[in-house]
Amino acid sequence: MTPTTLPSVRTRLTDLAEQAGVSTATVSRVLNGKPGVSAQARQAVLTALDMLGYERPEKLRMRSAGLVGLVVPELTNPVFPAFAQIIETMLSDRGYTPLLCTQSPGGTTEDQYVELLMEHSVDGIVFVSGLHADTTASKDRYHRLRGRGVPLVLVNGYAEGVDAPAVSTDDTAAMDQAFRHLYSLGHRAIGLAVGPTRFVPSQRKRDAFVSLLEKHLGTADADAHVVSTLFTVEGGQAAATELFASGHTAVVCGSDLMALGAVRAARQLGLRVPEDVSVVGFDDSPLVAFTDPPLTTVRQPVAAMGHAAVSALVAEITGTRAARAELLFHPELVVRGSTGSAPAAPADAPVAAAVPAAR
C-alpha cells in the first residue's frame, strides 16, 4: 500500500491517539516537534503513523546519528542477550544504529568483528565481557583502536592502561552478599564454582571468596573450596560434584548457568536442594525465578550498567571525555528457593568437616 499524505483533520489525531495509546494533545506535540513528550510516547506515535499508513512528516523522519558496534560473547548465557537488548535500545533511543556482533566457538573472532566494524566506519564500540576481560590476552588491539580515535567502552572486565571508560559489577560485593547469606543460614562448608580465573570477574570473585573464608572460617586452604571450570551448565555440574563430594553443604556459582548445573549435580548425588545443600547463582538471568527450585542468585544491575556504558560512549563520540576510573555497580542478592538452613551434622561428625583449620 502506498502511504498517503497525512491529512490535517481531527479524525486523524483521534485515530493516531487511539492506536498509540496516548492523548490527542500528545500526538499533536509529536507531530509539531514540541518538547515535553517522553521518548516512549514519541515512538508510540511514530509507530502508529506507520501502522495506519501515514507518511511521516519530513522533520520526524529518523536520521541515524551513526553506527555503533556492540561486541558480546555467545548468546547461550541469557545475561548477554539481556545486556545486548538494553544497550541496543538505549543506543537507538539516542539515534544510533547498533551493529550486534556475537561470537561462538569456532566462529567469527572479536578481532575479525572489529575489522568489519572499522570497514563500516562505526562511531564507537561497546565490548561486553570480551578479550579485555582476559588477563592473558594482549590489550594492543584496544590501544590501536584508540590510536585511530575510535571511542570504546569496556563492560565487565577492567583492562588497566586502556584509554576507555569501564563499567563493571562489583564482584567483591557480590561474593560478600552470597557468602554472608549462606553463613547466616548456618553453612560452614561453603565452596565456590567459578569460571577460568584468567578472566577478571572470575579472579575478583575468587579473591573475594578466599578472603571471606579466611575471615569467617579461619581457613587459608582455598584450593579445597574453589573449583575453576567453564561458565556453563556442564562446568557448574562438574565443579559442584567435586565440592559436594568433599562435604560442602553450599556452593556459590559464578553464573546462573553454573548454578543450574550445581542443582543437577546435587540431584545426581541423591541430595535435595535446599534441604541437603544450597546453591547460589550469579546474574539473575531471565527465567531463573521459575526453575525448580527457583534460584537464589546475585543480580547484576544490567539496566543501570547498560545506561552508563551508552552514556559514556555517546559522550566520547560527541567530544566530551568520560571518566576513566572504573564504574563499579552494586549487585543485589535475590533470595529464592535454592538456599536453606544448613543440614544438621551427624553426631559423630565435626560441624565443618569440609573446612580444615587454618595453617
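A residue is called buried when its relative accessible area is under 20%, exposed when over 50%, and partly exposed in between (1.4 Å probe, protein chains only). The model is predicted, so local features need pLDDT of at least 70 and side-chain atom pairs count only at pLDDT 80 or more, while totals for chains, interfaces and linings use all residues. Residues are numbered from 1 along each chain as its sequence is written, and side-chain values use heavy atoms, with hydrogens and water left out.

The protein chain has 11 helices and 12 strands. Helices (H or I, at least four residues) and strands (E, at least two) are DSSP runs, numbered from the N terminus. The C-alpha trace spans about 85 × 50 × 35 Å along its principal axes. Of the 359 residues in the protein chain, 49% are buried. A contact is defined by heavy atoms within 4.5 Å. Among contacts between residues at least 6 apart in sequence, 71% join residues at least 24 apart.

An open sheet of six strands runs in the order S2-S1-S3-S4-S5-S11, with parallel pairing. Strand S2 (96-102) and strand S11 (327-329) stand at the edges. Each has a single partner strand, so one side of each is left without a neighbour in the sheet. Neighbouring strands of this sheet are turned by 15° against each other on average, direction ignored. Two strands are taken to pair if DSSP finds at least two bridges between them. Strand S3 (residues 124-128) and strand S4 (residues 152-155) pair in the parallel sense over four bridges. Val126 has Val153 in S4 as its bridge partner.

Helix H11 (residues 302-317) lies across this set of strands: strand S1 (66-72), S2, S3, S4, strand S5 (166-169) and S11. The helix runs at about 165° to S4. Axes here are lines fitted to C-alpha atoms, for helices over the stretch in contact, and angles run from 0 to 180 degrees between N-to-C directions. The loop between H11 and S11 holds Glu326. The side chain of Glu326 makes polar contacts with the side chains of Ser168 (2.6 Å) and Arg204 (3.0 Å). A polar contact is a pair of N or O atoms within 3.5 Å; within protein, one must be able to donate a hydrogen and the other to accept it, and residues adjacent in sequence count only if both atoms are side-chain atoms. Not counting residues up to four places away in sequence, Glu326 touches Tyr158, Ala166, Ser168 and Arg204.

Helix H7 (residues 171-184) was examined next. At 1.5 Å a residue, its 14 residues should span 20 Å. The end C-alpha atoms are 20 Å apart, which agrees. The expected span is 1.5 Å times one less than the number of residues in the helix. Asp170 caps the N-terminal end of H7, with a side-chain oxygen 3.2 Å from the backbone nitrogen of Thr172. Buried residues of H7 include Ala173, Ala174, Phe179 and Leu182. Just after H7, Gly186 takes a positive phi of about 95°.

The structure holds 15 salt bridges. A salt bridge is a side-chain nitrogen of Lys or Arg within 4 Å of a carboxyl oxygen of Asp or Glu. One of them lies within H7, between Asp176 and Arg180. Their closest N and O atoms are 2.8 Å apart. These two residues are four apart in the helix, which means a separation of about one helical turn. Asp176 is partly exposed at 26% relative accessibility, and Arg180 is partly exposed at 41%.

Another salt bridge joins Arg141 and Asp111, with the closest N and O atoms 2.6 Å apart. This pair links distant parts of the chain, 30 residues apart. Arg141 is in helix H6 (residues 140-147), and Asp111 is in helix H5 (residues 110-119). Arg141 counts as buried at 18% relative accessibility, whereas Asp111 is partly exposed at 30%.

The side chains of Arg324 and Glu316 also meet in a salt bridge (2.8 Å, N to O). Arg324 is buried at 18%, and Glu316 is buried at 13%. Both belong to a network of salt bridges that links Arg146, Asp163, Glu316, Arg321 and Arg324.

Val263 lies in helix H10 (residues 256-268). With a relative accessible area of 5%, Val263 is buried. Val263 touches Val273, Val279, Asp292 and Pro293, not counting residues up to four places away in sequence. The C-alpha atoms of Val263 and Arg146 are separated by 44 Å, and the two residues are 117 apart along the chain.
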